[in-house]
Amino acid sequence: ASDWSSDVCSSDLDNDNNNYHNAIESFKSGIMIDPEFMENYTAIAEFYMSQGAYKLAICNINIGYHSCKRKYSWVENGNNWTYKPLEVLAISNFMIGNKTKAIAYAAKALSFAPNDKSLSDNLYNCVANTSIDELLK
């Protein structure tokens, strides 16, 4: 039998349906153990986003923001409290047509890591692919 950490780490390398399901279940188990740990919600949201399940990705980030408390411990990844969930929200909202929300989330994500090229590109692409009419809505 393998331990939970090797299951989770190997799922990052192979995103086929079985590993995808196992990874989601591992992160859900983590939520049952500590429902205030943001990393699990963010990881689930990233998997959903990678599968095109954008509304589920948004839902998991929203639940994480409302359920979690920052612990400032060595276990906690600070990016899950700064740009990472905002990046998921930006991309997912853009993909479902919520372009003005996407721009706001992308800008907020970039504010945490202003030199991050990926975040900068996300904001640029959100703005460049949103019409003036969409902005005025």
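1. Let's start with the inside: buried residues make up 39% of the 137 residues in the chain. Here buried means under 20% relative accessible area, exposed means over 50%, and partly exposed is in between, using a 1.4 Å probe and protein chains only.

2. Keep in mind that this is a predicted model, where local features need pLDDT of at least 70, side-chain atom pairs count only at pLDDT 80 or more, and totals for chains, interfaces and linings use all residues. Residues are numbered from 1 along each chain as its sequence is written, and side-chain values use heavy atoms, with hydrogens and water left out.

3. Now the overall make-up. The chain has eight helices and zero strands; both are DSSP runs numbered from the N terminus (helices: H or I, at least four residues; strands: E, at least two).

4. How do helix 3 and helix 5 pack? Helix 3 (residues 38-50) and helix 5 (residues 83-95) meet at an angle of about 25°, and their axes are 10 Å apart. That makes helix 3 roughly parallel to helix 5. Axes are lines fitted to C-alpha atoms, for helices over the stretch in contact, and angles between N-to-C directions run from 0 to 180 degrees. Under 35 degrees counts as roughly parallel, over 145 as roughly antiparallel, 65 to 115 as roughly perpendicular, and the rest as oblique.

5. Who does the touching here? From helix 3 come Met38, Thr42, Ala45, Glu46 and Met49, and from helix 5 come Lys84, Pro85, Val88, Ile91 and Ser92. Contact means heavy atoms within 4.5 Å. By class, this contact of helix 3 with helix 5 has six nonpolar, two polar and two charged residues. Ala, Val, Leu, Ile, Met, Phe, Trp, Tyr, Cys and Pro count as nonpolar, Asp, Glu, Lys and Arg as charged, and the others, Gly among them, as polar.

6. Helix 5 also packs with helix 7 (residues 117-128), at an angle of about 25° with axes 11 Å apart. Helix 5 and helix 7 are therefore roughly parallel to each other. On the helix 5 side, Tyr83, Glu87, Ile91 and Phe94 make the contact; helix 7 brings Ser118, Leu119, Asn122, Asn125 and Cys126.

7. Finally, have a look at arginine 70, in the loop between helix 4 (54-67) and helix 5. Is arginine 70 buried, partly exposed or exposed? Arginine 70 counts as partly exposed because its relative accessibility is 32%. Not counting residues up to four places away in sequence, arginine 70 touches Glu76, Gly78 and Trp81.
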